[in-house]
Amino acid sequence: PVVMAGALDADPLVAGVLKERAGELSRKAEQETVMLVAHGPVSDEDNTRWLGMMEQLARQIQAEAGFHAVIPVTLRDDAPKEVREKAVEHMRAVVKAGSQHGRVLVVPLLLAEGGIEQKIPKALKGLPYVFRGKTLLPHSNLSQWIVQQVNAAGAAASDASVSEPIMLKSPS
């Protein structure tokens, strides 16, 4: 049997990684704007859904860390040129506006290195911001999330009368 699990989305464990990544760059949170940058989808409809999910993460980070603002954006790297250019313009506008209040910390909301994280500095060339490029992985929160997903799927499978669901223990 196959049991589908949810995506990372706005899970508090993801928010914890992003808060930690921003904290590594921060000096005075209340004077800093965090811009969360995700890859982003091609369609406008999907992009709206992504940004809604990212807004939930932004609120979690804001509530816990006290940054001046936490703003989600998408690069939309696979979209047609004019869509991507509009996304880059928006990113640049967020950095310009954020820098009026203090430092801007750019934090990628990307699973692993080796993708678009190096396109972010190119898109923001000439603007004042702080960026290290650290992605969600590696981080122990992602291991915890995987364990939670497997256990939830195992519980769902056992509720459906599937024999012997697999259960994992959190890594120590």
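How many cavities of 30 Å³ or more does a search of the whole structure find? The search of this predicted model finds one.

Four strands form an open sheet. Their order is β2-β1-β3-β4, and the pairing is parallel. The edges are taken by β2 (69-74) and β4 (130-131). Each of these has a single partner strand, so one side of each is left without a neighbour in the sheet. Strands β1 (residues 33-38) and β3 (residues 104-109) run parallel and are joined by six bridges. Within this pair, leucine 36 stands opposite valine 107 of β3.

Helices pack on this sheet. Helix α1 (residues 12-25) lies across β1, β3 and β4. It runs at about 145 degrees to β3. Helix α3 (residues 81-98) touches β1, β2 and β3. The direction of α3 makes about 165 degrees with that of β2.

The largest cavity has a volume of about 40 Å³. Both α1 and β3 contribute to its lining, each with at least two residues. The lining includes Arg21, Glu24 and Leu25. Val106, Val107 and Pro108 also line the cavity. By class, four lining residues are nonpolar, four are charged and one is polar.

Key: Residues numbered from 1 in each chain as written. Predicted model: local features only at pLDDT ≥ 70, side-chain atom pairs only at ≥ 80, totals over all residues. Heavy atoms only, no water. Pairing = 2+ DSSP bridges. Contact = heavy atoms within 4.5 Å. Axes fitted to C-alpha atoms, helices over the stretch in contact; angles between N-to-C directions. 1 Å grid on protein atoms, 1.4 Å probe; cavity = no way out; pocket = protein on both sides within 12 Å on 5 of 7 lines; lining within 4 Å. Points joined across faces, edges and corners; volume = space filled by probe spheres on them. Nonpolar A, V, L, I, M, F, W, Y, C, P; charged D, E, K, R; others polar.
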